[in-house]
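Here is a friendly briefing on charged side-chain pairs. Have the viewer open as you read.

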Amino acid sequence: MVVSSITTAGGIFRQEFDISWGDDRGKILNDGKLLTLSLDKTSGSGFQSKNEYLFGMIDMQLKLVPGNSAGTVTTYYLSSQGPTHDEIDFEFLGNLSGDPYTLHTNVFSQGKGNREQQFKLWFDPTNNYHTYSLLWNPQHIIFYVDATPIRQFRNNEKNGVPYPNKQPMKIYSSIWDAEDWATRGGIVKTDWTNAPFIASYRNFNADACVRSSGVSKCNTTGWLTQQLDSANQKRMKWVQKNFMIYNYCTDFKRFPQGLPTECTI
Ligand SMILES: *[C@@H]1O[C@H](CO)[C@@H](O)[C@H](O)[C@H]1NC(C)=O
């Protein structure tokens, strides 16, 4: 699925991203091939893409904070601006050494989110780099982990569910302290003796439509019409059956008035 493209070959972080906050806690290293974000007691840090995108197949490899990462949250997401913004989220909730990270996902369309799904991973995301991808095209959004689809959000505009297809989005990432809620609902706090907490990024690739002054410049390699074939549907079911730990679509207590429309189609 990773088709390298001329514009982003080698994942040149300096060309594609700005460290947006956290001063020198965000670093671009190794000739622009590696990016690291760090968190200490004073501050976290973050980066954002220079480009805005309207649809794409976007890959990034992340290695998460090793050891005791309880209380920390590493985010990696697409977002537009403004009160009715669209957003597609990966968030990694840290944990005590040996306890599993939680991968939290969400989709906002026109300012409305509340579409959380959470997963455990089938590997230790702190040992090595793993690829987290978003396919975002007019038909659907698919979240992938190492090329395995874990979540699909379909375009259900015809059923009255807003879909992100008008607002260009930038890519963002950050690491910050969320000890009030991140780990076991806030029971486990951040242990600052382990600081700085460092997340690492490499091999960024975007086969995407880059938006500039209202015009899209697209690098299409099939992703614009890409569907989930039956083998991939099976794999997604396997993940959801074995690794999903929360699904808003089955949370009847939370939606006593009835589940959101996209959950019932
Ligand atoms: C951390 O580990 C505990 C124990 O396995 C688990 O209940 C929890 O869901 C894990 N993740 C977070 C983010 O708390």
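A residue is called buried when its relative accessible area is under 20%. By that cut-off E262 is buried, because its relative accessible area is 13%. Please keep in mind that this is a predicted model. A search of the whole structure turns up six salt bridges, and the pairs below are among them.

**R115 and E262**
- The side chains of R115 and E262 form a salt bridge, with 2.7 Å from N to O.
- This pair links distant parts of the chain, 147 residues apart: R115 sits in the loop between β8 (102-108) and β9 (117-119), and E262 in the segment after β16 (244-247).
- R115 is buried, at a relative accessible area of 2%.

**R254 and E116**
- R254 and E116 meet through their side chains in a salt bridge of 2.8 Å, N to O.
- Because R254 lies in the segment after β16 and E116 in the loop between β8 and β9, the pair ties together parts 138 residues apart in sequence.
- R254 counts as partly exposed at 31% relative accessibility, whereas E116 is buried with a relative accessible area of 15%.

**D40 and R25**
- A salt bridge joins the side chains of D40 and R25, at 2.9 Å from N to O.
- D40 is in the loop between β3 (34-39) and β4 (45-49) and R25 in the loop between β1 (17-21) and β2 (26-29), so the pair ties together parts that are 15 residues apart in sequence.
- D40 counts as partly exposed at 22% relative accessibility, while R25 counts as buried at 15%.

Key:
Residues numbered from 1 in each chain as written. Predicted model: local features only at pLDDT ≥ 70, side-chain atom pairs only at ≥ 80, totals over all residues. Heavy atoms only, no water. Salt bridge = Lys/Arg side-chain N within 4 Å of Asp/Glu carboxyl O. Helix = DSSP H or I, 4+ residues; strand = E, 2+ residues; numbered from the N terminus. Buried < 20%, exposed > 50% of the residue type's maximum accessible area, 1.4 Å probe, protein only.
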